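Student: I have a model open and a few things to ask about it. Can we go through them one at a time?

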Amino acid sequence: MSVCHHVLFQPLVHFLRHVSFPPDPHLLPTALKSCPALPLVRALHAATVAAGIARDPFVSSSLLHTYLRFGATPDARAVLDGMPQKTVVGWSALVAAHAARGDTEGAWRLLKEMRRGTAGGGGGVEPNAITWNGLVSGFNRSGRARDAVVALARMHGEGVLRPDATGVSCALSAIGDLGTEAVAVGEQLHGYSVKSGCRLGFVVTALIDMYGKCGRADEIVRVFNESSHMDVATCNGPSSPVYLETLKSNGKDLEAVELFREMQAQGIEPNSVTIPCVLPAFANVAALMHGRSAHCFALRKGFLHDVYVCSALVDMYAKCGRVRNARRIFDAMPSRNVVSWNAMIGGYAMHGEAKTAVRMFDSMLMCKQKPDMVTFTCVLQACSQAGLTEEGRRYFKEMQHEHGIYPRIEHYACMVTLLGRAGKLDEAYDLITDMPFEPDGCIWGSLLGSCRVHGNVDLAEVAAEKLFHLEPDNAGNYVLLSNIYASKKMWGGVNRIREMMKDMGLKKEMGCSWIEIKNKVHTLLAGDDSHPMMTAITEKLKQLNIEMRRLGFAPSTYFVLHDVEEQEKDDILAVHSEKLAVALGLISTSPGTPLRVIKNLRICDDCHEAMKFISCFEGREISVRDTNRFHHFRDGKCSCGDYW
């Protein structure tokens, strides 16, 4: 508990201990609502029992919701059981809490108890819209997308209620997470929302998000055209946010960048809605010059008072490797919301500046900004990137006990990565087996990645078998296990995995990198020679390889998938996409110019060593953003300290 909270609540506790008359039942709910720590909640609860007002409807309801805020579901259930009249609100809150924890069985069991009543507790209570919305949104927040859709289907199938706008938006979010397999259900909800008039702004946003995740660009356009809440000027024409959002939602970032360039060439001005739509596309391909152009335009037009524009700028600069610029935008914001704070904390985490990210989180709390699930994902990622194991454990506990946020699948994935990278693989495995819901591919993938770092074949095989069952078509899982075998020279295992992939028709995902040169983004593919400057790129790489070998640099070839001769391994490594992108940057820019590269896969050990050498030999600062983090290479060293 902070000193501030201690000073505020110590007189209250002292008062409750020494007064000779019972506390006011209308005062205690207010105190409970402001209570900063679970021990104080229990102290106040004890005071209500002593005063004989614990069964007062206002007091008991406040106690129940306060316990749930701190994740103390057993205490909340005890309060509910002690209520003379169990209300639909109390039952619904408890049901939603179990759903938010991912406790599918517990949530449905409580719903059943709610309907039939409990021994000595009076008759049953029929669930209402609040109950069902709590189930759907709770399952969705805990990463149980399929259970959320099942809850909506049961609600509809029982014919008792029809979902309202809140239930529709939560269900659409879950459907988007399931992807194309559930898009038919999303289309039915879309039709229902039109017929029933559920066309609030957040429903429209949820529809766009759902169709975007399912790759249905045409449907995104239809949603915008149907919506009566969108301004006509922003819904029509090639410069509209609808088309930018359509391209961005379908991973067509380069097309979105080109569309924005075309808008500028035609003299079509973006507005405060367009800019936040296109900035993520700039960020995804590191189109820094375009991002700067949008920033300058926003400055000229006075858009920097808009919290959404500024938050998008913070995110863009951080993802383009300019975390200092992101911080300047953040510090100058007239107002900030949780998205702003998350963008800044996440930016520091991405750049491996864990201690700064943690300080930002502390500042966020001091400014009375309530963190959300994304905030803790960013903080835990920061800890895992820098090996702050104890700090990560502490934040994981505080998230639940001090902030009432139940861990979702991504939080557990961060913890598995945190423990695994620190070499605590058995503890990471124990955490997985103790999770309140079934681990998904992200969880097992985190463990498998850590097994690669530490060469743990036995646990890698356990994780890989889980992944083969959960994600049978994901070639990356097979390749990762094969690389672990290769690192131990277990060529029989390598050949077995190769045959499995061949039989299933799986191919390793092609590496792809992007680099911005003179206001144009270039795409380089591993093993692809279609770039018009490929001859010069190849020649530059040959020169670099000669210099590297002359100065004693040897490629890391232990992880290459196939059991081939060393020279052939060198040839395989020479065409990795990030090397192609850096070579293009070296021959296309002036000496000393920093280079920024984005890659769609994790940077390999050999390329990581090569970048350190090139940064020193060429006197360049090279930034590579892979799927995990930024690597800033300067003077032969990497900002990650080789902890990645």
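Student: What joins β4 to β5?

Tutor: A hairpin through four residues joins β4 to β5. Helices (H or I, at least four residues) and strands (E, at least two) are DSSP runs, numbered from the N terminus. This is a predicted model, where local features need pLDDT of at least 70 and side-chain atom pairs count only at pLDDT 80 or more, while totals for chains, interfaces and linings use all residues. Residues are numbered from 1 along each chain as its sequence is written, and side-chain values use heavy atoms, with hydrogens and water left out.

Student: How many bridges join β4 to β5, and which residue stands opposite Ser-623?

Tutor: Four bridges join β4, residues 622-625, to β5, and the strands run antiparallel. Two strands pair if DSSP finds at least two bridges between them. Ser-623 stands opposite His-632 in β5.

Student: And β6, how does it pair with β5?

Tutor: β6 (residues 637-638) and β5 pair in the antiparallel sense over two bridges. Phe-633 has Cys-638 in β6 as its bridge partner. β5 and β6 form a hairpin with two residues between them, and Asp-635 in the turn has a positive phi of about 55 degrees.

Student: How many residues of β5 are buried?

Tutor: Four of its five residues are buried, so β5 (residues 630-634) is mostly covered. Buried means under 20% relative accessible area, exposed over 50%, and partly exposed in between (1.4 Å probe, protein chains only).

Student: Which residues other than glycine have a positive phi?

Tutor: Lys-368 is one of them, with phi near 65 degrees. Lys-368 is found in the loop between α22 (354-366) and α23 (373-386). Another is Lys-489, with phi near 60 degrees, in the loop between α29 (475-487) and α30 (491-504).

Student: Is Lys-368 buried or exposed? And Lys-489, buried or exposed?

Tutor: Lys-368 is exposed because its relative accessible area is 66%. Lys-489 is exposed too, at 60%.

Student: Changing topic: how many aromatic pairs are there in the whole structure?

Tutor: A search finds 11. Rings of Phe, Tyr and Trp (its six-membered ring) pair if their centres lie within 6.5 Å; planes under 30 degrees apart count as stacked, over 60 as edge-to-face and the rest as tilted. Trp-108 and Phe-139 form a tilted pair, 6.2 Å centre to centre with 40 degrees between the planes. Trp-108 lies in helix α7 (residues 104-116) and Phe-139 in helix α8 (residues 129-141), so the pair ties together parts that are 31 residues apart in sequence. Both Trp-108 and Phe-139 are buried.

Student: What about Tyr-412 and Phe-437?

Tutor: Tyr-412 and Phe-437 form an edge-to-face pair, 5.6 Å centre to centre with 90 degrees between the planes. Tyr-412 is in helix α25 (residues 409-421) and Phe-437 in the loop between α26 (425-433) and α27 (441-454), 25 residues apart. Both Tyr-412 and Phe-437 are buried.

Student: Back to Trp-108. What lies over its face?

Tutor: Arg-154 does, at 4.0 Å from the ring centre. A charge sits over a ring if NZ of Lys or CZ of Arg is within 6 Å of the ring centre and within 35 degrees of the ring normal. Ring pairs also link Trp-108, Trp-132 and Phe-139 into a cluster.
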